[in-house]
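Look at the sequence and the structure below before reading on. The report then goes through the charged pairs, the strands, the core and the surface.

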Amino acid sequence: MADWKFLRYRLLKMLKGDEFASRDAGVTIGVGCRIYSNLAASEPWLVSVGDRTTVSVGVTVLTHDGTGWLYSDDRGRRYRYAPVAIGDDCFIGARAILMPGVRIGSGSIVGAGSVVTKSVPPGSVVAGNPARIVASRDDLMGRVAEWPTEADKRGSTYHEKVDSVRETQFRPEMRRG
C-alpha cells in the first residue's frame, strides 16, 4: 500500500475497526461478519469474504508470492498474484495464514495458527502447517454441542462465570513417534 493509503487504513482501523478499514481498502466483505484482522493485503481487491464469517485476530492473507523477486533474467523479475476467497459461514482461527490462490469453502473452519496452502472443501475443518483436513464441520459441531452454555455459567463476575464452567484437566500428552 502507498504510504498515504497505509496511514488512512491505520486511522480508519483505530476509529472504526478492522472490518470498516478493510472494506474501505477494497476487500469485499459480506453481511453479518466479524472481522478482527487486517484483511487489506497489498492487493485488497483480490480478497473476498462471504456472509456470517468470522476472521479472528492476527490472520494473514497473502495475495502475491514474493519469491519472484529472486528470479531475474533479460525479461526481468517474475510476479504471481492470486485471489483469496473465504466462503459463507466460515471461521478462520487466530494467526492463520492464507496463501495466494486459496478458496475456503463455505461452512469451513481453519484452526488457529494453520498455514493454508491449498483450497479447503466446503464443510471441512483444517489445521496444521501445512493445513490438512482433520474433521468435518458436522463432526466438530457434534462435539461443540456438548460444551457448556451461557445458562450453565454461575457467579456474578466474569471471572466467576468462566471458572464455573472451565475444564479442570489438561489435554493428554503427545506420544513420541
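## Salt bridges

Asp51, Arg52 and Asp89 are linked in a network of salt bridges; a salt bridge here is a side-chain nitrogen of Lys or Arg within 4 Å of a carboxyl oxygen of Asp or Glu. This is a predicted model, in which local features need pLDDT of at least 70 and side-chain atom pairs count only at pLDDT 80 or more, while totals for chains, interfaces and linings use all residues. Residues are numbered from 1 along each chain as its sequence is written, and side-chain values use heavy atoms, with hydrogens and water left out.

Helices (H or I, at least four residues) and strands (E, at least two) are DSSP runs, numbered from the N terminus. Arg52 also meets Asp51 in a salt bridge, at 4.0 Å from N to O. Arg52 is partly exposed, with a relative accessible area of 45%; buried means under 20% relative accessible area, exposed over 50%, and partly exposed in between (1.4 Å probe, protein chains only). Asp51 is partly exposed at 24%, and Asp89 is partly exposed at 31%.

Another salt bridge joins Arg78 and Asp73, with the closest N and O atoms 2.9 Å apart. The whole structure has six salt bridges.

## Strands and sheets

The chain has four helices and 15 strands. An open sheet of four strands runs in the order β1-β3-β8-β11, with parallel pairing. β1 (28–29) and β11 (103–104) stand at the edges with a single partner strand each, so one side of each is left without a neighbour in the sheet. Two strands count as paired if DSSP finds at least two bridges between them. β1 and β3 pair over two bridges, and Ile29 stands opposite Val49 in β3.

Strands β14 (residues 124–128) and β15 (residues 131–136) pair in the antiparallel sense over five bridges. They form a hairpin with two residues between them. Ala127 has Arg132 in β15 as its bridge partner. Ser124, in strand β14, counts as buried at 8% relative accessibility. Leaving out residues up to four places away in sequence, Ser124 touches Gly107, Ser108, Ile109, Ile133 and Ala135; contact means heavy atoms within 4.5 Å.

## Nonpolar core

A nonpolar core is a set of buried Ala, Val, Leu, Ile, Met, Phe, Trp, Tyr and Cys residues joined through side-chain atoms within 4.5 Å. The largest one has 24 residues, of which Ile86, Ile92, Leu98, Ile104 and Val116 touch the most other members. The elements that give two or more residues to this core are β3 (47–49) and β8 (84–86).

Beyond its neighbours within four places in sequence, Val116 is in contact with Ile97, Leu98, Met99, Val102, Ile104, Val110 and Ala131.

## Whole chain

Of the 177 residues of the chain, 32% count as buried. The C-alpha atoms fill a box of roughly 65 × 50 × 25 Å, taken along the principal axes. Among contacts between residues at least 6 apart in sequence, 23% join residues at least 24 apart.
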